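I opened my notebook to work through this structure step by step. Here is what I looked up, in the order I looked.

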Amino acid sequence: MDTSTSPFAESIALGQTALRIPRLGVGTWAWGDRFFWNYGRDYHRGDLEEAFAIALERGMAFFDTAEVYGMGRAERFLGEMLRDLPAQVVVASKFFPFPWRVRRAALGRALRGTLKRLGKARVDLYQIHFPWPPRGPDFWVSALADAVQAGLVGAAGVSNYNAEQMRRAYAILQARDIPLASNQVHYSLLHRAPEYNGVLHACRELGVTLIAYSPLEMGLLTGKYTPENPPGGVRSRRYSRGYLARIRPLIGLMREIGQQHGGKTPAQIALNWVMSKGAVPIPGAKNARQAESNAGALGWQLTAAEIAALDEASEKIHPPPR
Ligand SMILES: NC(=O)c1ccc[n+]([C@@H]2O[C@H](COP(=O)([O-])OP(=O)(O)OC[C@H]3O[C@@H](n4cnc5c(N)ncnc54)[C@H](OP(=O)(O)O)[C@@H]3O)[C@@H](O)[C@H]2O)c1
């Protein structure tokens, strides 16, 4: 791993761009989000500032945000924390294709709002959040290329694009001499769709970085939620007690494997597993403890046999499609 040319703990190139990012970043969906994550009750601004400081200290200075997170609060918080920072920090944000956004210029307007909240003249990575109608995936990728050529965006990315949409995005950008840097999709030990639907394969083939969101399956892979102690809020509807019981053998195996690596936690095993597949996880961290714990996924590697055992245990919960 090349650590000489970058301040990050372990760094890789973002797709085929000149930009280097750490192998592990930080997701900021929860930064200011009251509805899903309970911001303001379970954790506060000071907790996020501490998480931010730990991320920088531990070489995870790659933050993923979006204009819709906390209705702009996540970008604003991040912008305030970034102010006057000498350290090299990579910031990724996203354009949300609301149904009323039908003109190409809408992306430029949204981007200017993002830059204002972030307090930056240029965002390092800008992603189309979803390939949704009415305009669809290609339309917004062309608008993204305009923003790159206007110098407002360092690297162009997409999110939640399937393999075919991503290949088209790649070709549209390539025709304008812009590499498709990344595709951000849901990828964890409990959600391995990118391995089955061609997205991981396309990323490897085209040299596009797969950025893995919800790599801890929204906290489930930390092992702290059980049928007796389920998560609250929206997650209680998404993950039943029955499901929490079904994932127990996997969590047990993760604990066992963690012991072989000096007491690594299930969360650290989950993140190391994602990295072992060549993807860059961006676990959400709400406080210093979580950021510190997630940083413990860096600096060591699961063995091939351990990865195979984890694959097998996860397939017992979600069998691969035939
Ligand atoms: N592109 C997209 O459509 C999309 C969709 C979803 C997410 N994302 C991005 O991906 C990022 C991560 O995904 P995510 O937030 O959905 O899920 P995640 O990273 O799998 O889980 C994050 C949650 O797990 C808990 N947690 C994190 N680290 C922990 C630790 N070390 N120990 C114990 N608990 C810990 C925290 O919640 P509790 O403490 O409340 O359990 C935290 O909010 C987001 O922040 C966002 O940037 C993108």
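Before anything else I noted how elements are named: helices (H or I, at least four residues) and strands (E, at least two) are DSSP runs, numbered from the N terminus.

**Entry 1: ground rules.** I am working with a predicted model, where local features need pLDDT of at least 70, side-chain atom pairs count only at pLDDT 80 or more, and totals for chains, interfaces and linings use all residues. I count residues from 1 along each chain as its sequence is written.

**Entry 2: confidence.** I looked up pLDDT, the predictor's confidence in each residue, from 0 to 100. The protein has a mean of 95, and 97% of its residues reach 70 or more. Residues 1-5 have a pLDDT below 50, and beyond near neighbours in sequence this stretch has five contacts in the model (a contact means C-beta atoms, placed from the backbone, within 7 Å).

**Entry 3: the sheet.** I traced an open sheet of eight strands with parallel pairing, in the order β3-β4-β5-β6-β7-β8-β9-β10. Two strands pair if DSSP finds at least two bridges between them.

**Entry 4: around β7.** I checked burial next: a residue is buried if 20 or more other C-beta atoms lie within 10 Å of its own, exposed if 12 or fewer, and partly exposed in between, with C-beta atoms placed from the backbone. Six of the seven residues of β7 (residues 153-159) are buried, so this strand is largely enclosed by the rest of the structure. Strand β6 (residues 123-128) pairs with β7 in the parallel sense over five bridges, and I found Gln127 bridged to Gly157 in β7. β7 is also joined to the parallel strand β8 (residues 180-186), by four bridges. There, Ala156 stands opposite Leu180 in β8. From β7 the chain crosses through helix α5 (residues 163-174) to β8 in a right-handed β-α-β crossover (with the strands pointing away from the viewer, the path from the first strand over the helix to the second runs clockwise).

Technical notes: Contact = placed C-beta atoms within 7 Å.
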